[in-house]
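Subject: Structure handover

Hello,

Here is the structure for you to look through. My notes follow below it.

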Amino acid sequence: IKAQSVYTQKPDDPQALFFTSESFDIKADGKHDVSDDLQIAINKLKKEKNFGILFLPEGKYLISKTIYVPKAIRIIGYGENRPEFILGKNTAGYQNENNYMFWFTNNLVEENEQPRDAGAGTFYSAISNIDFRIEKGNPKAISLRTHFAQHGFVSHCNFYIGDGYAGIYDLGNEIEDLKFY
């Protein structure tokens, strides 16, 4: 089922970071893993500005591990068609215990650090106008962990859960225009 994109044009925002092949070594074809570059982009935004928006153009983005999104970071998709994050078939780490595609945290999570879950003091985090797909063989996969607070939201997203565990787990604050399949 095709979802209507609510942001069809590339935003004119010089303060934002754009997750494009011009800025990162990625292909939005659903076949090349973008996990490391996506985490680098999110961490770059947090380190350089402490807050901000990562814009994601339409395309299919394969991920293979949890992407950590620290407080005050927003990920927003744009284009004629919504961008889609895909957890590929039988992705390691999603079979035996609950595991997330995206985990909104209270801290910047770098290599060998433990995430601190978002909570009552985690403001301004969000994800919008992006779809999520869990492919076969990931029975413990969860698209989003969003335990954030005020001014945080999930909006305009479709979740294609398949045989995964859930679309959203431990929800915080506000959701709008979500569909679960």
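In this protein, 70% of the contacts with a separation of 6 or more join residues 24 or more positions apart. Contact means heavy atoms within 4.5 Å.

Please note that this is a predicted model: local features need pLDDT of at least 70, side-chain atom pairs count only at pLDDT 80 or more, and totals for chains, interfaces and linings use all residues. Residues are numbered from 1 along each chain as its sequence is written, and side-chain values use heavy atoms, with hydrogens and water left out.

The protein has one helix and 14 strands.

Of the 181 residues, 53% are buried. Buried means under 20% relative accessible area, exposed over 50%, and partly exposed in between (1.4 Å probe, protein chains only).

Now the rings. There are 18 aromatic pairs. Rings of Phe, Tyr and Trp (its six-membered ring) pair if their centres lie within 6.5 Å; planes under 30 degrees apart count as stacked, over 60 as edge-to-face and the rest as tilted.

- Phe18 and Phe55 are stacked, because their centres are 5.2 Å apart and their planes are at 25°. Phe18 sits in strand E1 and Phe55 in strand E3, 37 residues apart. Phe55 is buried at 6%.
- Tyr68 and Trp103 are tilted, with centres 5.8 Å apart and planes at 45°. Tyr68 is partly exposed at 21%, whereas Trp103 is buried at 17%.

Best wishes

Key. Helix = DSSP H or I, 4+ residues; strand = E, 2+ residues; numbered from the N terminus.
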